[in-house]
Amino acid sequence: MDMSPYKDLFVSEAREHLQGMNEAIVALEEAPDDREHIDFLFRMAHSIKGMAASMGYDEMAEVSHKMEDLMDRVRKGTIEFVSAVADLLLEGSDLLSVMLNDVDAGGNGHQDILDLSQRLTGYTPFQEPEPPRQGAGQALGTPDTATTNRSAEQALPKKLEQEIAREKPDSPQNVRVKTEILDALVNITGELITHKNRMITLANEMKAPALTEAISDLSHLVRELQNEVLKVRLMPLSTVVDRLPRIVRDLAKKSGKEVLLQISGKEIEMDRGIVEELSDPLLHILRNAVDHGLELPAERRAMGKKPAGTISVAVQRENDRVLITISDDGKGMDTRRLKAAATEKGLLRQEDAALLSPQQALMLICLPGFSTATEITDVSGRGVGMDAVRTAVQAIGGNLAIDSSPGKGSCFTLSLPLTISIIQILLVACSSMIVGLPVTKVLRTVEIRKDSVISRGKGKFFRLADEEIPLVSLHRLLDLPLSPLKGESIPAVVVEMKERTVGLVVDRFVGQQDVFVKPFGSPLNRMKGFFGGAILGDGQVIFIIDPGNLL
Amino acid sequence: MSGRGRRFLIFTLRGERYAMNAGDLSEVMEPPPTFPIPKAPKTYLGIMNFHGAPIPILDLAAFLHGDPPKSSGRILILDHKLGSLALRIDTVERIVSDIRGLQIQEEEGPYVRQAILFNNEKIPLFAMDILMTELENEVRSGNRKNNTCDGKR
């Protein structure tokens, strides 16, 4: 029978099971007597074995079978769930993952499984725990426990079978929907908004009040539809965050550190496009925390700290943004050392280093080519990481802030929008071009009187509150010809560009609008400094600027 | 090697014939209104609104030969699996549907790996992947030697 139509479903379900297994294994290591996790692990291994066997992936079935057998011994109390058992099961899970990826890519999932299979079957702990009662294992009464593991499949206790049967993939409350359909829904909703805007423009031109009213009603409905559709695209952060305990555990082992990972708020949902992009940045910050942030247990004890370092990942909603905070109680960062390292590497001039505020100095670690690690470990320290993290965070419309106290620890805060696709923008005119700036990136707009512009050498500044803010011509940044400034005042948009506050000088403000941002495909996706394009109500195509990345 | 079962679009540029895989083509249209692209080389005509998607239009003659871009001719919208790009060319001649087996041979040229033998003529087959990579590199390096495309022709 041709199983290929079922392949996608098999891969997606098996991946979910493996992820669940990883979480359960790490949790069981902390609490080895947790009955629920033990049964869950056994069930997961059993499920994967069954699915793989029916799909004809014999090696996968074999590995999961061995894992199921090992968990069966734990279930029966013949062995304890210790670190060595966790290691074996994680190895098995990783091997299954490799085979699954191969299947997903069109292969047959072949891998050399002999070595791991033997180790799984042959596992013996250093000390066998006393079996509950001698001979009780045999005398449990049900015929299946007396049979060998090989035929355990045929004679599962009825209760376990029922439990497995209850694990149906979809209850009536939830549906699996292909992501292509979700994306299509978002696209269509976006088009509706564009056309709604167009109708508003036309209605205003025609000065027909009844029409304007009808369109206003339509607007409300479109907005409601947009909200519901965007909810459909929402995904809880747990899909990314749940992988973290396993990874942190591996990192800690590799670096000889002891780590306690605390996670909160992972049930918070965000647009799937954003969640998908968060995985790498979060991982890198965590790697840094384990590798460079936390001290070795002996060092910590010497300082009066608990030998195990604490890393906490906290997710919170704040209005229409989500804050993800990653903090550790490690050695923190010394801003003087950071400034010294940056000037040494030629990334910063001495006189500029002196002007940096503590917050700005901490952001130096995001400069490309920066790393104070004296040796490059294979885990992190390459100096590429934080630059990529900041770029990735800004590309999804977010901001990164760093706080740190030497000796006490560091705290990384990612401030992210809930959705990426439909945003409010400020429209400005620059020569013959109209461009948009996301309102979330605009600190404020100003009209500066010509006679209050301050000139210092080649630079021009203006005063805002107690600060002198540099003026930068948006025309120059976009390679547009400068237009002579008409009128008494200079319009400028105050934004953050690479940790400096600047005033972007434009020709005039055009207005504010909701638009559907379309990220560019190749080749314009390689352009730095733009979130994408958008279509205005009158059919014009405009570019949406990312001030943080526009050089 | 035969091109059995494939379809090719044959178009002209500066009086010369070229071919491309019909599967790489999404639509052919007359030149639409375009809008300026900030910081893009002058080889781009501008950016257009293609059914709600912003797609830049590259003038192929300007790109290959340095001609000044023009807004006449035809616009080839490339399939979205290649990226988001359209090409301005002069005329679209025909779509060749290969049933009996077109001859395809190796051929060296800029952005060309093969040529099709059709009506006793060797027509270079555009390798779109090479073109896309080149365009990406150009955009990534922020080619400032050319002035900004201002979308006006």
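Predicted model: local features only at pLDDT ≥ 70, side-chain atom pairs only at ≥ 80, totals over all residues.
**Entry 1: chain B on its own**

I started with the elements of chain B and counted two helices and 11 strands. Reading from the N terminus, I get β-β-β-β-β-α-β-β-β-β-β-β-α. So much for the order; next I checked burial. Chain B has 153 residues, and 40% of them are buried. I also looked at how far apart in sequence the contacting residues sit. Of the contacts in chain B with a separation of 6 or more, 57% join residues 24 or more positions apart.

**Entry 2: where B touches A**

How many residues of chain B are in contact with chain A? I find 23, and they meet 21 residues of chain A. Then I asked myself which elements of chain B supply at least two residues each to that side. They are β4 (44–50), β5 (53–59) and α2 (128–140). Helix α2(B) gives the most, with five residues. By type, the chain B side splits into 12 nonpolar, six polar and five charged residues.

**Entry 3: the cores**

I moved on to the nonpolar cores. The largest has 84 residues, and A19(B) and A86(B) have the most contacts inside it. Which strand brings the largest share of this core? That is β8 (residues 422–430) of chain A, with six residues. Apart from this core lies another one of 42 residues, including V259(A), V313(A), V322(A) and I396(A).

I went back to A19(B) to list its partners, leaving out neighbours within four places in sequence. On one stretch I noted F8(B), L9(B) and I10(B).

**Entry 4: two helices of chain A**

Last, I looked at a helix pair in chain A. Two packed helices are described by the angle between their axes and the distance between the axes. Helix α1 (residues 7–30) of chain A and helix α4 (residues 83–104) of chain A have axes that come within 10 Å and cross at roughly 165°. Are they roughly parallel or roughly antiparallel? An angle over 145 degrees counts as roughly antiparallel, so α1(A) and α4(A) are roughly antiparallel to each other. Their crossing is left-handed.

For the residues involved, I noted some from each helix. On the α1(A) side, they include K7(A), V11(A), L18(A), I25(A) and E29(A). On the α4(A) side, among them are S83(A), L89(A), L96(A), V103(A) and D104(A). The residues of this contact divide into 12 nonpolar, four polar and four charged.

How values were computed. Residues numbered from 1 in each chain as written. Chains lettered and ligands numbered in written order. Helix = DSSP H or I, 4+ residues; strand = E, 2+ residues; numbered from the N terminus. Buried ≥ 20, exposed ≤ 12 C-beta atoms within 10 Å, placed from the backbone. Contact = placed C-beta atoms within 7 Å. Nonpolar A, V, L, I, M, F, W, Y, C, P; charged D, E, K, R; others polar. Core = buried A, V, L, I, M, F, W, Y, C linked by C-beta atoms within 7 Å. Axes fitted to C-alpha atoms, helices over the stretch in contact; angles between N-to-C directions. Parallel < 35°, antiparallel > 145°, perpendicular 65-115°, else oblique. Left-handed = near helix turned anticlockwise from the far one by under 90°.
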